[in-house]
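Me: I have a structure open here and would like to go through it with you. Could you take my questions one at a time?

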Amino acid sequence: MSNTSGREATLRFLAEPSEVNFGGKVHGGTVMKWIDHAGYTCAVGWSGRYCVTVYVGGIRFQHPIHIGDLVEVRAKVIYTGTTSLHIAVKVWAGDPRDRNLRRTTHCVIVFVAVDRDGHPMSVPAWVPVSEEDKALQQYAQQLMEQRKTIDSAHPLNHAKEM
């Protein structure tokens, strides 16, 4: 069963003054929260299940977001496993008067669908059709392999205490 209508999610809003950091731009942590919200919306829309974030990787802040900017956070399923979903998220922002938005941030988030007790549950498979989608799926698979290598070598995974 494939749910193409739930494959993508876009959140739109204005960056508010309460979200400013000491440099006068939107906090990176606020942007990360927006990314998680859009990713969650997309993951739940695809799977029809409650999902939890298990990994955020490759987050890249390219341009600042200014107070009053129109912000679009676009999320798209790029890979599904048995219980997990890889979601590519891009953040766009700009002056709402001209709607000339530029990409400010991007990353990949992995969610796992879970039941009420937190046990993983299956998700509908996503099958790429277009060449672009096949490339996105391949990218997600490459990221999975890189995470395995990084996790096995990371000293914090082997440390007794921090």
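Me: Is Arg99 buried or exposed?

Reply: Arg99 counts as exposed, because its relative accessibility is 58%; buried means under 20% relative accessible area, exposed over 50%, and partly exposed in between, with a 1.4 Å probe and protein chains only. Please keep in mind that this is a predicted model, in which local features need pLDDT of at least 70 and side-chain atom pairs count only at pLDDT 80 or more, while totals for chains, interfaces and linings use all residues. Residues are numbered from 1 along each chain as its sequence is written, and side-chain values use heavy atoms, with hydrogens and water left out.

Me: Where is Arg99 found, and what is its phi?

Reply: Arg99 sits in the loop between β4 and β5, where helices (H or I, at least four residues) and strands (E, at least two) are DSSP runs numbered from the N terminus. Its phi is near 55 degrees, which is a positive value in a residue other than glycine. Most residues other than glycine have a negative phi.

Me: How many bridges join β4 to β5?

Reply: Strand β4 (residues 84–94) and β5 run antiparallel and are joined by 10 bridges, and two strands pair if DSSP finds at least two bridges between them. Within this pairing, Ala93 has Arg102 in β5 as its bridge partner.

Me: What about β2, how does that pair with β5?

Reply: β2 and β5 also pair in the antiparallel sense, over eight bridges, and Gly57 stands opposite Val108 in β5.

Me: Why is β5 called largely enclosed?

Reply: Strand β5 (residues 102–113) has nine of its 12 residues buried, so the rest of the structure largely encloses it.

Me: Switching to the surface, which residues make the nonpolar patch?

Reply: Met32, Val56, Ile59 and Phe61 make a nonpolar surface patch of about 320 Å², and strand β2 (residues 51–61) gives the most to it, with three residues. Patches are made of residues with over 30% relative accessible area and no salt bridge, with like charges joined within 9 Å and nonpolar side chains (Val, Leu, Ile, Met, Phe, Trp, Tyr) joined within 5 Å. A salt bridge here is a side-chain nitrogen of Lys or Arg within 4 Å of a carboxyl oxygen of Asp or Glu, and accessible areas come from the Shrake-Rupley method with a 1.4 Å probe, where for residues only the protein chains shown count as cover.

Me: And how exposed is Phe61?

Reply: Phe61, which lies in strand β2, counts as partly exposed because its relative accessibility is 37%.

Me: What covers the buried residues of α1?

Reply: The cover includes β1 (8–14), β2, β3, β4 and β5, and among the buried residues of α1 are Trp34, Ile35 and Trp46.

Me: Which strands do the buried residues of α2 pack against?

Reply: They pack against β2, β3 (70–80), β4 and β5, and they include Leu143 and Met144. By contrast, Glu132, which has its place in helix α2, counts as exposed because its relative accessibility is 53%.

Me: Last one, what does Pro128 touch?

Reply: Not counting residues up to four places away in sequence, Pro128 touches Asp133, Lys134 and Gln137, where contact means heavy atoms within 4.5 Å. Pro128 is in the loop between β5 and α2, and at 12% relative accessibility Pro128 counts as buried.
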